[in-house]
Amino acid sequence: MRENFSNRFGVLVAVAGSAIGLGNLWRFPYIMGKHGGGAFILLYLLFVIVICLPIMYSEMVIGRRAQANAYGAFRRLAPGSLWTGAGVISILAPVVILGYYSVVGGWTLKYMQMALCGSFGRRENLDGLFGGFISSPGEPLLWHLGFLGLTALIVLGGIKNGIEKYSKILMPALFVMVILMAARAITLPGAGAGVEFLFRPDFSKLNGEVVLAAMGQAFFSLSLGMGAIITYGSYMKRKENIPRTSALVVATDTGFAILAGLAIMPAVFAFGIEPGQGPGLVFITVPKILAQLPLGGLFATVFFAILAVAALTSSISLLEVMTTFLSEEFRMGRKAAVAVSFGVIAVLGAVASLSFDPDMRLILFGKSAFDAMDYFASNILLPLGGLLIVLFTGWRMPRAELLEELSAGGGFRLGLFRAVRFLLRYVIPVAIAAILLGNVF
Ligand code: TRP
């Protein structure tokens with residue numbers, strides 16, 4: 001018997017928990033900062049609605065229909081065909097992503113500990129602090145293993161009683177924190193330039209690379225294009241309404257990203273930080289904002305603690321993909337499956353983490369190993385996975401089956417269904433292929 005999510009709220013919390021994470025608070029601000037702000041955001045919103053929402057429907061449909069892990073799902077719905085290739089990507093992508101995701105997760109734990117010890121208040125040079133920490137060889141590695149270990153423990157314990165329960169309290173708490181920080185950031189002197197950066201699109205900054213980055217960010221933030229939502233879909237009961245769940249998750253995740261932008265960018269400009277400076281953006285900016293609030297040290301501790309939890313609810317969805325795959329396809333026990341996954345990802349994470357060490361200089365394709373893994377996974381593997389997924393639900397799955405899955409638990413208007421299927425068959429595949437090819441040639 002496969003485990004199921006207990007109820008509608010449980011499903012929502014789990015899927016939203018997967019979607020909301022470092023992608024919103026860490027990745028979105030720095031990628032958007034690097035690619036010029038407002039115009040990037042508009043593109044991002046377009047991709048979320050036109051491409052990603054229908055892909056989320058598709059992944060849940062595939063998972064629930066097949067009742068199997070992400071690889072097994074394709075095998076079961078299309079036996080003996082090349083579609084299993086889509087299954088392979090679905091398993092490969094989360095391994096690469098979790099490799100560096102757990103490194104950043106480790107950073108959040110370290111920052112939580114530093115905030116707890118009051119280390120920010122005495123420091124002026126927060127960029128130096130961040131740079132020094134991530135480029136040291138040993139310490140970030142230990143925090144990475146710690147974060148990965150926590151993820152493994154939760155996955156071992158199953159989802160219902162662990163993370164489902166905590167997410168219900170912690171996600172709303174994170175929401176409140178981010179609103180508070182946005183309010184502080186917007187009222188800082190000199191914040192106007194940041195708000196303008198976010199909301200006044202400068203279309204001269206658009207090019208193929210920005211378009212690809214916006215699409216990659218949309219996939220990453222919504223956990224799409226690989227096995228995560230397929231796997232979670234396989235735990236959904238028949239009475240759950242897929243379109244409604246998807247819409248709620250997409251709306252919350254996007255709201256969170258915009259709020260994070262509002263919390264970070266005005267402060268970046270007010271403090272004269274370089275918006276395109278890369279993965280350290282949030283870790284440098286947030287302690288500065290919080291230092292401007294009464295009880296700043298306390299807030300900083302709470303913020304990084306909750307961020308770590310948000311990261312955990314996402315990283316478990318990544319580890320879960322590989323674990324379920326190993327245990328179902330290779331008949332491994334859950335413990336063994338978690339142990340194997342842990343080992344593989346610990347090594348990949350070490351590569352990502354050590355690429356910040358100037359003595360190691362692990363460079364792949366002209367990028368640091370960390371950046372290369374992120375770029376390859378988010379901008380190539382996820383869109384490619386998404387492409388195969390929509391081709392599957394658009395062309396391979398019988399129309400009646402798709403309609404049945406989308407209508408279960410509430411009904412889906414026929415006109416809407418036709419529009420979605422049109423997107424799945426024509427618009428989305430052409431758009432993804434064009435953006436991918438446009439960047440290769
Ligand atoms: N969406 C998560 C975040 O924004 C990260 C994540 C979890 C993810 N599962 C995923 C990204 C699957 C891509 C695919 O932090």
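Me: Which residues come nearest to the ligand?
Reply: In this predicted model, the shell around the ligand holds 17 residues. By class, this shell has 9 nonpolar, 8 polar and no charged residues. Those that come nearest are Ala19, Gly23, Tyr101, Phe220 and Ser223.

Me: What percentage of the ligand's accessible area does the protein cover?
Reply: The ligand sits in the largest cavity. Elements giving two or more residues to its shell are α1 (8–19), α2 (22–34), α5 (84–116), α10 (208–221) and α14 (296–329). On its own the ligand has 360 Å² of accessible area, and the protein's cover of this area is 100%.

Me: How many charged residues are in the lining of the largest pocket?
Reply: This pocket, of about 270 Å³, is lined by 16 residues, with Ile31, Lys34, Lys367, Asp374 and Tyr375 nearest its centre. α2, α10 and α16 (369–396) each supply at least two lining residues. The lining divides into 5 nonpolar and 5 polar residues, and the number charged is 6.

Me: How many nonpolar residues are in the lining of the second largest pocket?
Reply: The second largest pocket holds about 210 Å³ of space. Of its 13 lining residues, Val13, Ala16, Met171, Pro172 and Thr252 are closest to the centre. The lining has 3 polar residues and 1 charged, while the nonpolar residues number 9.

Note on methods: Residues are numbered from 1 along each chain as its sequence is written. This is a predicted model: local features need pLDDT of at least 70, side-chain atom pairs count only at pLDDT 80 or more; totals for chains, interfaces and linings use all residues. Side-chain values use heavy atoms; hydrogens and water are left out. A residue is near a molecule or strand if one of its heavy atoms lies within 4 Å of it. Accessible areas come from the Shrake-Rupley method with a 1.4 Å probe; for residues, only the protein chains shown count as cover. On a 1 Å grid over the protein atoms alone, a cavity is a set of points where a 1.4 Å probe fits but cannot get out, and a pocket is an open set with protein on both sides within 12 Å along at least five of seven lines; lining residues have an atom within 4 Å of a point. A molecule sits in a cavity or pocket if more than half of its atoms lie within 2 Å of its grid points. Helices (H or I, at least four residues) and strands (E, at least two) are DSSP runs, numbered from the N terminus. Ala, Val, Leu, Ile, Met, Phe, Trp, Tyr, Cys and Pro count as nonpolar, Asp, Glu, Lys and Arg as charged, and the others, Gly among them, as polar. Grid points are joined across faces, edges and corners, and a volume is the space filled by probe spheres set on the points.
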